[in-house]
Amino acid sequence: MASSARAVSTDGRHRWLVGLSLAGVVFTAVVVLVGAWTRLVDAGLGCPDWPGCYGALVVPDAERALAHSPGVPLESTKAWVEMVHRYLASTLGLLVIALVLLGARWRREVGYPWAISLALLAVILLQGAFGAFTVTLKLWPQVVTLHLLGGLTVLVLFLWLHLRLRRFSSGAAAPFPRRRLTPLWGLVMLLLVGQLALGGWTSSNYAGIACQGFPTCNGQWWPAMDWSEGFHLTQTVGPNYLHGQLHAEARSAIQVGHRLGALALGLSLLLLGMRHLRASGMRPWLALLGGAYGVQVVIGIANVLAWLPLWLALLHTAGAVLLVVAMTLALWHWRWSTVPTAVEPSGAGETATKEELAHV
């Protein structure tokens with residue numbers, strides 16, 4: 001009887017971990033979108049200091065703000081937007097700490113994703129540092145881009161942790177055959193990370209509408225561009241990068257680079273779909289991945305043609321979040337789904353044997 005009660009208690013704690021990790025996925029997506037909104041409404045420097053705002057934990061009145069930073073007039077709305085983002089990010093950090101503390105008792109259990117929990121904690125702490133540097137270095141594009149990539153990394157880790165916790169709580173902790181990652185999967189992941197970085201670089205350098213029109217740029221297939229300046233990664237630290245510092249030809253190079261990155265990613269996803277669409281259980285996840293990419297391309301084109309309206313630019317960030325989630329789910333099901341041990345005689349849709357999959 002006592003053993004049964006302990007089992008129920010343990011199952012209850014497992015459910016808490018599974019639920020909290022899923023909440024972390026959703027909450028991280030919200031924090032990423034609020035961060036994008038903060039940047040899009042030019043509120044990234046709404047508070048000139050960190051972690052407070054004009055030396056206070058909440059946005060102060062104009063008199064106190066003037067006394068704290070005489071050279072930076074208070075814009076209350078922008079300051080509140082920035083502080084809301086910080087409050088949400090801090091809450092996310094507390095959620096990560098709670099997951100680590102609650103899961104510590106199972107850290108030596110076979111199959112428990114303790115290493116992922118610690119990696120998530122490390123990345124969220126690093127994100128806090130990047131949040132500070134974003135303000136203190138006055139929106140330096142390198143830091144802003146890394147801050148975006150860090151937020152998406154937190155999202156991936158939360159989702160992977162959730163999937164692993166679900167598996168652990170179901171009792172399927174014993175190892176089972178896993179499909180090997182192929183070079184093509186590696187290429188797709190590399191191009192996706194590169195494209196996300198290009199998107200962050202485009203946004204942080206205010207190059208979203210550097211090209212008028214699509215598919216041409218300013219009426220030309222290959223306009224005048226300054227690639228060395230556009231991708232000069234050792235820019236001077238110190239100037240205020242609000243609204244950007246680059247000239248038009250450098251911003252055009254960034255925009256064209258982002259478009260070429262999207263094309264390369266699309267071709268790699270097409271190859272991935274053609275190669276693995278018949279693999280056991282992969283069809284819906286590859287379809288989700290391809291669909292997310294297609295939606296993101298349409299939103300990107302619409303942003304250029306509509307001159308980057310706020311709601312559509314925010315939707316483009318949401319599309320990036322969806323693409324990252326779709327990629328993670330596709331990778332999970334490729335890597336961790338049960339590998340069939342025999343060929344199923346289902347004609348064109350037959351699955352491969354375990355030996356065949358080992359060489360995929």
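Helices here are DSSP runs of H or I with at least four residues, strands are runs of E with at least two, and both are numbered from the N terminus. The model is predicted, so local features need pLDDT of at least 70 and side-chain atom pairs count only at pLDDT 80 or more, while totals for chains, interfaces and linings use all residues. Residues are numbered from 1 along each chain as its sequence is written, and side-chain values use heavy atoms, with hydrogens and water left out.

**Stop 1**

Select L308, in the loop between helix 9 (283-305) and helix 10 (310-336). L308 is not a glycine, yet its phi is positive, near 55°. Its relative accessibility is 34%, so L308 counts as partly exposed (buried is under 20% relative accessible area, exposed over 50%, partly exposed in between, with a 1.4 Å probe and protein chains only).

**Stop 2**

Go to H243, which sits in the loop between helix 7 and helix 8. H243 also has a positive phi, about 75°, without being a glycine. With 43% relative accessibility, H243 is partly exposed.

**Stop 3: helix 6 against helix 8**

Show residues 183-204 (helix 6) and 248-276 (helix 8); their axes are 9 Å apart and the packing angle is about 155°. Axes are lines fitted to C-alpha atoms, for helices over the stretch in contact, and angles run from 0 to 180 degrees between N-to-C directions. Helix 6 and helix 8 are therefore roughly antiparallel (angles over 145 degrees; under 35 is roughly parallel, 65 to 115 roughly perpendicular, the rest oblique). The crossing of helix 6 and helix 8 is left-handed, meaning that the near helix is turned anticlockwise from the far one by less than a right angle; clockwise would be right-handed. The residues of this contact comprise 14 nonpolar, nine polar and one charged. Ala, Val, Leu, Ile, Met, Phe, Trp, Tyr, Cys and Pro count as nonpolar, Asp, Glu, Lys and Arg as charged, and the others, Gly among them, as polar.

Now pick S268 in helix 8. S268 is buried, with a relative accessible area of 3%. Apart from neighbours within four places in sequence, S268 is in contact with L184, V188 and L191 (heavy atoms within 4.5 Å).

**Stop 4: helix 4 against helix 5**

Select residues 114-136 (helix 4) and 141-169 (helix 5), whose axes come within 9 Å and cross at roughly 160°. Helix 4 and helix 5 are therefore roughly antiparallel. Their crossing is left-handed, and the contact residues divide into 15 nonpolar, eight polar and one charged.

**Stop 5: two cis prolines**

Select W50 and P51: the peptide bond between them is cis, with omega near 5°. P51 is in the loop between helix 1 (2-40) and helix 2 (62-68). Then move to F214 and P215, joined by a cis peptide bond with omega about 10°. P215 is in the loop between helix 6 and helix 7 (227-230).

**Stop 6: the salt bridges**

How many salt bridges does a search of the whole structure find? There are two, each a side-chain nitrogen of Lys or Arg within 4 Å of a carboxyl oxygen of Asp or Glu.

Show E75 and K78, whose side chains meet at 3.6 Å, N to O. E75 is partly exposed at 47% relative accessibility, and K78 is partly exposed at 24%.

Finish with R86 and E82, bridged at 2.9 Å, N to O. R86 and E82 are four residues apart in helix 3 (residues 76-103), and so about one helical turn separates them. Both R86 and E82 are buried.
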